[in-house]
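User: Hi! Could you walk me through the ligand site and the sheet of this model?

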Amino acid sequence: MTSDTEVSGDRDGIDRASETVNRLASGLPRVMAALQQLVRELRVSDDEWRRVIGFVSDVAAAGELGALSDVLGLSVIVDDNRPHRAGATQSDPEGPFHRPGAPLEDSPARICRDDEPGDRLIVSGRVRSTSGGPLPGSVVDVWHAAANGRYEHQDPDQPEWNLRRRVRADATGRYEFETVVPAAYHIGAADGPVGTLLRCAGRTPVRPAHLHYIVTADDHEPLTTQVFIAGDPWLDADIIGAVKEPLIADVMKTDGKRRLTFDVTLARLG
Ligand code: BEZ
Ligand code: FE
């Protein structure tokens with residue numbers, strides 16, 4: 001004799017007993033009611049609905065469902081729903097362009113080309129634990145767009161893994177890498193369906209200059225966040241609404257070099 005769980009799991013590969021599936025299923029009637037009301041109120045026609053379905057298919061085919069979630073403001077809400085651990089650095093959405101498995105380099109690293117366009121920048125900081133001490137050997141997985149507003153995977157002129165690295169902190173928990181000052185960019189630059197939607201809706205599809213981080217260390221909760229550049233004129237206009245005050249850092253000039261410091265505190269597990 002099989003249990004209910006095995007029967008439902010065998011039938012369609014979904015474990016209906018899991019809490020996540022139950023919560024998602026319980027939300028379905030509300031999603032349906034909201035969409036039905038909208039379609040009724042707007043008196044959406046056959047032709048318009050076909051275009052909506054075509055648009056969603058295009059977004060999926062272009063691999064932009066994550067970007068759509070971001071620009072609809074949903075990723076930031078999901079991130080805000082996470083329990084914040086006291087003393088840990090503020091998290092922020094991952095965005096759609098992380099590539100796992102970037103080259104791993106010891107600090108200090110260089111993550112850009114010799115002839116990378118843009119102003120050189122040294123980024124550094126300390127990775128610490130909420131329990132107090134530094135986290136030697138912690139890893140900062142960093143990625144950001146080039147001066148032309150494109151990430152390496154969107155731009156045939158950039159070598160693979162350009163402006164993407166996993167930088168391992170030293171024995172004192174300090175990390176450092178050399179790059180260029182990131183630039184603000186239009187996310188529709190690659191002319192995908194999400195950028196097209198925003199343009200049609202008259203919204204400026206801008207992201208202020210930022211670096212993405214995923215920071216990991218043994219026995220600590222991984223942290224996904226973004227670092228923004230103080231003074232960027234687009235800080236109040238982020239299309240995904242991800243700018244948070246504690247994540248804004250200054251670019252300072254010392255010894256003729258531009259430097260940005262961003263310390264990270266990870267929450268100890270357990
Ligand atoms: C980004 O963080 O790079 C990004 C976020 C949303 C849409 C496109 C790009
Ligand atoms: Fe980004």
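Analyst: Happy to; below are a few questions and answers on this predicted model.

User: Which residue has a polar side-chain atom 2.8 Å from an oxygen atom of ligand 1?

Analyst: Polar side-chain atoms approach oxygen atoms of ligand 1 from several residues. For Tyr151 the distance is 3.1 Å, and for His210 it is 3.4 Å. The residue with the 2.8 Å distance is Arg207.

User: How much of the area that ligand 1 exposes when taken alone does the protein bury?

Analyst: One of the contacts involved is that of His210, with a polar side-chain atom 3.4 Å from a ligand oxygen. Taken alone, ligand 1 exposes 260 Å², and the share buried by the protein is 99%.

User: What are the edge strands of the six-stranded open sheet?

Analyst: The strand order is β1-β5-β4-β9-β10-β11, with mixed pairing. An edge strand here pairs on one side only, and that holds for β1 (104-106) and β11 (248-249).

User: Which residue in β11 is the bridge partner of Phe228?

Analyst: Strand β10 (residues 223-229) pairs with β11 in the parallel sense, over two bridges. In β11, the partner of Phe228 is Ile248.

Key: Residues are numbered from 1 along each chain as its sequence is written. Chains are lettered from A and ligands numbered from 1 in the order in which they are written. This is a predicted model: local features need pLDDT of at least 70, side-chain atom pairs count only at pLDDT 80 or more; totals for chains, interfaces and linings use all residues. Side-chain values use heavy atoms; hydrogens and water are left out. A polar contact is a pair of N or O atoms within 3.5 Å; within protein, one must be able to donate a hydrogen and the other to accept it, and residues adjacent in sequence count only if both atoms are side-chain atoms. Accessible areas come from the Shrake-Rupley method with a 1.4 Å probe; for residues, only the protein chains shown count as cover. Two strands pair if DSSP finds at least two bridges between them. Helices (H or I, at least four residues) and strands (E, at least two) are DSSP runs, numbered from the N terminus.
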